[in-house]
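Please walk through the model shown below, from single residues up to whole chains.

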Amino acid sequence: MSELVSTPDRELRDNDLDHSELSARLIGLWHTPSGWLGRLATVDHKVVGKRYILTAFAFLALGGILAVLMRLQLSGAERKLLSPDLYNQVFTMHGSTMMFLFAVPVMKAFAVYFVPLMVGTRNIAFPRLNAFSYWIFLFGGCFLWGSFLFNAGPDIGWFAYVPLSSLQFNPSKRADVWAQMITFTEVAALAVAVEIVVTVFKQRAVGMTLDRIPIYVWAMLVTAFLVLFAMPSVMIASTTLILDRLVNTHFYDTASGGNVLLWQHLFWFFGHPEVYIIFIPATGMVSMLVATFARRPVVGYTVIVLSLIATGFLSFGLWVHHMFATGLPQLGASMFTASSMLIAVPSGLQIFCWLATLWDGRPVYRTPLLFVLGFIAIFVLGGLSGVMVASVPIDMQVHDTYFVVAHFHYVLIGGAVFPLIGALYYWFPKITGRMLSERLGRWNFWLAFIGFNIGFFPMHILGLMGMPRRVYTYTPEMGWDHLNLLSSTGGVVFATSFVLLIFNVIHSLRRGELAGDNPWDASTLEWATSSPPPPYNFSRIPVVTHRDPLWADAGNLPVVAGLSVERREVLLSSVADAEPHTRESSPEPSIWPLLTAIATTIFFIGSIFTPWAVVWGTPPIAAALIGWFWPSGTKEDEE
Amino acid sequence: MRQTIVRSVNDLPTYGFGSQSGPWWGAMAFIALEGMGFAVAIAAYLYLYAVNPKWPISSAPPDLWPGTLETAIFLLSVIPNELTNRVAHRLDLRGVRIGLIVMSVIGVGLLVVRGFSFAHLNTRWDLDAYGSVVWFVLGLHTTHLATDVVDTIVLTILMFTRHATARRFSDVTDNAFYWNFVVIAWLPLYLLLDWIPRL
C-alpha cells in the first residue's frame with residue numbers, strides 16, 4: 001500500500017456553497033474560454049466529443065457520396081461515369097474513409113462524449129491527450145482527402161495488399177498516403193483507448209462497482225482493450241510498408257527474403273478485431289436503448305457483459321479466415337473455421353438477451369427502438385452469411401465476389417450504423433437539449449431499412465452469380481444488369497435516408513421540442529444532469545447504489561460533497577469497488593496539444609517525401625510535448 | 001434533480017502513488033500497447049526467420065558485445081531506478097534529484113551504446129529482409145528508449161524548479177515504474193537479435 005499525503009485544508013470546497021453559488025463557481029472553473037484561441041485550447045470532453053462526432057459524420061457523408069458514385073457507375077453494363085483508375089481510387093477511398101475515418105472514430109467519439117457522463121465524472125482522463133487525438137484524426141482525414149483531390153488518393157483497396165501496394169506496382173505517392181493515413185488514425189484511436197480505460201477504471205462515481213457499470217461503458221472498455229492490442233499490428237504493418245517503399249527495406253520483397261503473406265497476417269491481426277472495435281460499441285448502444293424503450297432493466301446483464309469480454313478475446317483468434325484463399329495448411333484452416341463459428345455464440349447470447357428484454361418489457365416503439373429492431377434483423381442476416389463464409393469450401397467459392405461485399409455491409413451497416421443512428425436519436429436531446437423530430441425519424445428509419453435491403457441483398461445473388469469485387473464495370477453478356485440496377489436504386493433510397501437525417505438534425509437544432517434532463521425516462525447517469533450538460537457535468541459527484549440509478553430512486557440523486565471549487569478536480573476511486581481515494585486535479589485548457597498535433601502532422605507527411613523528416617521533424621514534436629507537460633503554475637499544476 | 005449529500009470526500013488526499021494515481025494507469029495502458037507493438041515486431045521477425053531457409057540471409061550475425069553490454073547496463077540500472085522510486089515515496093527532494101540525474105546519465109549512456117549496436121549489426125536495412133527486420137526491431141526499441149530518456153531528463157530539470165511540488169514525486173515513481181518496462185522489453189529483443197541468428 002502506498003503512503004498518501006493530504007494537503008492542508010485551506011481551499012474552498014463545494015460544501016461551503018449553496019447550489020447557485022456552486023454552479024457559478026464550477027462554470028468559472030470548467031468552461032471553455034471564448035474566442036478562437038480558447039476554442040482551440042479546450043479540453044472539455046463534450047466539446048471535443050461533439051467535434052469528433054461531427055467530423056466523423058462529415059467523413060460518412062464523403063464516403064457515402066463515393067458509394068453513390070460507385071453504384072451509379074455499376075447501375076448498368078459498360079457505364080463510363082468513372083474511369084478505371086478513378087474507380088480504383090474511389091473504392092479505396094470509400095473503404096478507408098468508412099473504416100478509418102468514420103466507423104472507428106464515430107464510436108470513439110460517442111464514448112468521448114458519453115463515457116465520462118455515464119460514469120459520473122467531470123472530464124475524461126487525460127483530456128489534453130483527448131484534444132490531441134481529435135486534431136490528429138482531423139489532420140489525418142484531411143490529408144487523405146486532400147491527396148484524393150490532387151489525384152493522389154490511394155488505389156490499392158482498404159487493405160492495401162502487397163505486392164500491389166509495393167513500389168514496383170504503385171510508383172506514385174498513393175500507397176504512401178494510405179499508409180500514413182493509417183498512422184494518423186491509429187495514433188488517434190490509441191489515445192482515446194488509453195483515456196477510456198483510465199476513465200472507466202479510476203473515475204467512476206462512488207459506489208459504481210463492476211456489476212453496476214452501464215453496459216455501454218463495459219462495451220467501450222472492452223473496445224478500448226481491443227484497440228490497445230490490435231492497432232499496434234497495423235501500425236507496424238503500415239510502417240514497414242512505407243519503409244519498403246521509401247528506404248528500400250525488403251519486408252515484403254520475396255526476392256530478398258521478404259514475404260507477402262506477412263502483410264496479410266499483420267493486417268488481419270488488426271483487421272479482424274477492427275470489426276469488433278466497430279461492432280462492440282454498437283451492441284453497447286443497443287443494450288442501453290433496449291432497456292430504456294422496453295421500460296425494464298436489460299435481461300441477463302452478466303451474460304451480456306461476459307459475452308462482450310468473450311467476443312473481445314475471440315476476436316483475436318479469427319484473422320486467418322480472411323486468408324483462406326492463400327493456401328493455408330488444412331489444420332490451420334479448420335481451426336480458424338471453428339473459431340469463426342465460435343464467435344457467433346456470444347453475439348447470439350446477446351441477441352437472445354435483448355429479445356427477452358423486449359419480450360418481458362412494455363416496448364415503446366420510438367425511432368431509436370425502430371433502429372434497434374432494424375439492427376437485429378439485418379445483423380442476424382449478416383451473421384448468417386458470416387457463418388457461411390467461415391466455412392472454407394464456401395469461402396473459396398465466394399471469395400472476392402459481391403457475396404462478401406453483401407456480407408460485410410450487412411454486418412457493418414446492420415451491426416454498427418443502425419444502432420449508431422438509433423443512438424443518435426436517443427442521445428441527441430442530451431447533446432443539444434432538443435429532440436429530433438419523431439415523424440422524420442420514422443421516415444428516416446423506413447427509408448434506411450428498405451433502401452439498405454434493396455441495395456445490398458441483391459449483392460448476395462450477384463456474388464453467387466460470379467460478379468467479382470472491385471470491377472469498375474462489366475459486359476452486358478454477364479447478365480448482371482438488372483440486379484445491379486436494383487441494387488443501385490436501393491443505394492439511392494438508402495442515401496436519401498441520410499439526407500433526411502441531416503435535415504432532421506438541422507431542423508431540430510433550431511425548432512426541435514425542448515428535451516429536459518431525461519426525456520426518455522432512462523436509468524443511467526448521463527440523464528441526471530441538464531441537457532446539454534454544464535461544462536462541469538455534475539455539480540456534485542453522484543453516489544451509485546443501484547445498476548439503474550435513476551430508476552432506483554426517482555427524483556433524488558445521492559451525491560458526495562467536499563471537492564475543491566478552486567481548481568478542476570475529479571474524484572478517483574478504486575478499480576473494483578469504486579471506493580473514492582483521491583481528489584486529483586484535471587488539466588486546464590492548453591494550446592499545446594494542437595501544436596503537438598501540427599508538429600506530428602508535419603513529421604508524418606514530411607516523411608513520405610524524405611526520410612530526413614524523421615530527423616528534422618522530431619525536435620518540434622519533442623518541444624511541443626515539453627510545452628504540453630511543463631507546469632504552467634496554475635492551481636491544477638501545483639497541487 | 002434533487003441532490004442528497006450522503007458522503008464527504010473532504011479528507012481525501014489530492015494525489016496518490018502507484019495504482020492510486022491516474023497517470024500510473026495511463027502508463028499501464030501505454031505499456032500494454034507498446035508491449036503489444038514489440039510482440040508483433042517479434043512475431044514478424046520470427047515469421048521471416050521461419051520462411052527463410054538461411055538466417056541471417058546473407059550476412060554475419062551481429063557482434064555480441066554491444067547488445068550484451070547494453071543488457072548488463074539495463075539490468076544494473078534497475079537498482080538506482082528502485083532507489084529513486086523509494087526516495088520519491090519518501091518525498092525526499094534531494095534524493096530524487098540525485099536519483100534522476102543518475103538515471104538520466106544511464107539513459108544517455110545506453111543511447112551511446114545503442115549507436116554501437118547499430119554499427120555492429122553487420123547488415124544494412126536495405127540488404128535483405130533479415131537486415132530490414134533487425135534494423136526495424138532495434139529502431140523500435142531505440143525510439144522507445146530515447147523517448148523515456150528525454151522524459152527522464154525533463155523530469156530531472158523539473159525537480160530543480162519551483163514546480164517540484166508533492167504531486168511530482170508521484171510522477172517520479174511513475175517514471176521509475178515505466179523504466180522497468182523499458183528494461184523488461186529489452187531482454188527478449190536481446191535474445192532475438194543477438195542469439196536467434198546464432199541458432
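**From backbone details to the overall fold**

Asn248(A) is partly exposed, because 15 other C-beta atoms lie within 10 Å of its own. The cut-offs behind this wording are as follows: a residue is buried with 20 or more other C-beta atoms within 10 Å of its own, exposed with 12 or fewer, and partly exposed in between, with C-beta atoms placed from the backbone. This is a predicted model, in which local features need pLDDT of at least 70 and side-chain atom pairs count only at pLDDT 80 or more, whereas totals for chains, interfaces and linings use all residues. Residues are numbered from 1 along each chain as its sequence is written, and chains are lettered from A and ligands numbered from 1 in the order in which they are written.

Asn248(A) sits in the loop between helix H7 (215-246) and helix H8 (260-294) of chain A. Helices (H or I, at least four residues) and strands (E, at least two) are DSSP runs, numbered from the N terminus. The phi angle of Asn248(A) is positive, about 65°, although the residue is not a glycine. Asn151(A) is another non-glycine residue with a positive phi, here near 60°. Asn151(A) belongs to the loop between H5 and H6 of chain A, and it counts as exposed because it has 12 C-beta neighbours inside 10 Å.

The loop between H5 and H6 of chain A also holds Pro163(A). The peptide bond that joins Val162(A) to Pro163(A) is cis, with omega about 5°. A cis peptide bond also runs from Ser531(A) to Pro532(A), with omega near -10°. Pro532(A) is placed in the loop between helix H16 (481-511) and helix H17 (549-552) of chain A.

Gln397(A) is part of helix H13 (residues 392-398) of chain A. Gln397(A) has 14 C-beta neighbours inside 10 Å and therefore counts as partly exposed. Which distance separates the C-alpha atoms of Gln397(A) and Gly466(A)? They are 8.9 Å apart, while the two residues are 69 residues apart along the chain.

Now to chain A as a whole. Chain A has 20 helices and three strands. Its radius of gyration is 25 Å, close to the 26 Å that the globule rule gives for 639 residues, so chain A is as compact as a globular protein of that length. The radius is taken over C-alpha atoms, and the rule is 2.2 Å times the number of residues to the power 0.38. Along the principal axes, the C-alpha atoms of chain A fill a box of roughly 80 × 60 × 50 Å. Of the 639 residues, 59% count as buried. Two residues are in contact if their C-beta atoms, placed from the backbone, lie within 7 Å. Among the contacts in chain A with a separation of 6 or more, 81% are between residues 24 or more positions apart.

The domain assignment divides chain A into domain 1 (35-592) and domain 2 (595-629); such bounds come from an automatic or database domain assignment. The centres of domain 1 and domain 2 of chain A, taken over C-alpha atoms, are 29 Å apart. Their contact takes 16 residues from domain 1 of chain A and twelve residues from domain 2 of chain A. Helix H5 (127-149) and helix H6 (174-202) of chain A each supply at least two residues of the side of domain 1 that touches domain 2. H5(A) gives the most to that side, with six residues. The residues of that side of domain 1 comprise ten nonpolar, three polar and three charged. In this grouping, Ala, Val, Leu, Ile, Met, Phe, Trp, Tyr, Cys and Pro count as nonpolar, Asp, Glu, Lys and Arg as charged, and the others, Gly among them, as polar.

How confident is the predictor in chain A? The mean pLDDT is 94, and 98% of the residues score at least 70; pLDDT is the predictor's confidence in each residue, from 0 to 100. In chain A, confidence is highest in helix H3 (residues 45-74), at a mean of 98, and lowest in helix H20 (residues 635-638), at 74. Over residues 1-8 of chain A, pLDDT stays under 50, and the model has 16 contacts beyond four places in sequence for them.

For chain B, an unreviewed UniProt entry places the feature "transmembrane region" at residues 24-48, 98-121, 133-160 and 172-193. UniProt positions are given in the numbering used here, feature names are shortened, and annotations may be inferred rather than shown by experiment. Residues 24-48 of chain B are 100% helix and 0% strand, with end C-alpha atoms 36 Å apart. Residues 172-193 of chain B are also 100% helix and 0% strand, and their end C-alpha atoms lie 31 Å apart.
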